Amino acid sequence: MLENAVSGAGGAVWGAGAVGCHVPKGTAVHEPPGAESLSYSFTLPAGPHNARIARQVARNVLAAHGLEELHDAAVQVVSELAACAWRFTPTPEVYVCLRYRGEALRVIVYDGHPRHTNPRLAATCDGQRKASLRLAAAVVKACQGEWGFGDAREPGGGTRMWAVLPHVPTVAFGRPERAYRKAARGPRA
Ligand SMILES: [Zn+2]
């Protein structure tokens with residue numbers, strides 16, 4: 001059937017009877033992805049710009065999934081974790097994961113800094129990392145979330161930092177008025 005023929009950018013034409021890749025996509029294919037499908041992982045070149053890049057990615061990802069209302073806190077936390085990873089990592093890359101599950105945004109950042117075997121050195125290093133994460137900790141606390149860091153379980157080792165931002169208090173973060181107005185309008189569509 002001619003009306004079903006598709007012309008590709010390269011000029012190729014697939015007509016009736018051609019074997020195509022018919023992956024069923026359902027009717028919702030053009031709808032924006034929902035919050036629960038937010039799941040992204042990426043490596044960032046470790047450097048002074050990685051916090052800014054991580055912020056931009058987080059902003060885009062949240063917007064794509066209709067989670068702009070989490071921006072203020074989430075982008076700040078992603079930025080702080082990425083900046084900390086750069087300060088501590090000896091490796092040329094750091095790794096960032098963003099996931100939304102169970103009404104909360106989860107941020108994980110891995111860096112290549114090995115955990116110290118000497119307890120005194122480990123305590124000093126952890127103290128420095130905690131100091132570096134002071135702002136992130138304050139934001140997470142204001143959002144009634146949790147955070148921490150420890151051994152990366154990945155084969156390459158290193159350090160894993162994580163933060164969980166529960167949806168409702170994270171929306172309210174820094175925007176009590178707006179949160180109130182949204183609540184007054186009822187639950188999210
Ligand atoms: Zn160290």
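**Helix packing and loop residues in a predicted model**

The axes of helices H1 (residues 50–64) and H2 (residues 71–88) come within 8 Å and cross at roughly 150 degrees. Axes are lines fitted to C-alpha atoms, for helices over the stretch in contact, and angles run from 0 to 180 degrees between N-to-C directions. H1 and H2 are therefore roughly antiparallel to each other; angles under 35 degrees count as roughly parallel, over 145 as roughly antiparallel, 65 to 115 as roughly perpendicular and the rest as oblique. The crossing of H1 and H2 is right-handed, where a crossing is left-handed if the near helix is turned anticlockwise from the far one by less than a right angle, and right-handed if clockwise. On the H1 side the contact is made by Asn50, Ala51, Ala54, Arg55, Ala58, Arg59 and Leu62, and on the H2 side by His71, Ala74, Val75, Val78, Ser79, Ala82, Ala83 and Trp86. Two residues are in contact if their C-beta atoms, placed from the backbone, lie within 7 Å.

The structure is a predicted model, in which local features need pLDDT of at least 70, side-chain atom pairs count only at pLDDT 80 or more, and totals for chains, interfaces and linings use all residues. Residues are numbered from 1 along each chain as its sequence is written. The average pLDDT of the chain (the predictor's confidence in each residue, from 0 to 100) is 85, and 78% of the residues score at least 70. In residues 1–12 the pLDDT is below 50, and this stretch has seven contacts in the model beyond near neighbours in sequence. Where pLDDT is low, the predicted coordinates should not be read in detail.

The chain contains six helices and seven strands, in the order β-β-β-α-α-β-β-α-α-β-β-α-α from the N terminus. Helices (H or I, at least four residues) and strands (E, at least two) are DSSP runs, numbered from the N terminus. Of the 189 residues in the chain, 30% are buried; a residue is buried if 20 or more other C-beta atoms lie within 10 Å of its own, exposed if 12 or fewer, and partly exposed in between, with C-beta atoms placed from the backbone. Among contacts between residues at least 6 apart in sequence, 64% join residues at least 24 apart.

H2 also packs against helix H4 (residues 134–142), at an angle of about 155 degrees and with the axes 9 Å apart. H2 and H4 are therefore roughly antiparallel to each other, and their crossing is left-handed. Ala73, Gln76, Val77, Glu80 and Leu81 of H2 meet Leu135, Ala136, Val139 and Val140 of H4. H2 is mostly covered, with 14 of its 18 residues buried. The end C-alpha atoms of H2 are 26 Å apart, in agreement with the 26 Å that its 18 residues should span at 1.5 Å a residue; the expected span of a helix is 1.5 Å times one less than its number of residues.

Helix H3 (residues 119–132) has 14 residues and reaches 20 Å from its first C-alpha to its last, close to the expected 20 Å. The number of buried residues among the 14 of H3 is zero, so this helix lies largely in the open.

Leu70 is placed in the loop between H1 and H2 and is buried, with 23 other C-beta atoms within 10 Å. Leaving aside neighbours within four places in sequence, Leu70 is in contact with Leu62, Leu105, Leu165, Thr170 and Val171. The C-alpha atoms of Leu70 and His167 are separated by 7.2 Å, although these residues are 97 apart along the chain.

Gly112 lies in the loop between strand E5 (104–111) and H3 and counts as partly exposed, with 19 C-beta neighbours inside 10 Å. Apart from neighbours within four places in sequence, its contacts are Thr89, Pro90, Thr91, Gly156 and Gly158. Gly112 and Tyr95, 17 residues apart in sequence, are 9.2 Å apart from C-alpha to C-alpha.

Most residues other than glycine have a negative phi. Glu103, in the loop between strand E4 (93–101) and E5, has a positive phi of about 60 degrees although it is not a glycine. Glu103 is exposed, with 11 other C-beta atoms within 10 Å. Gln144, in the loop between H4 and strand E6 (146–151), likewise has a positive phi, near 60 degrees. Gln144 is partly exposed, with 14 other C-beta atoms within 10 Å.
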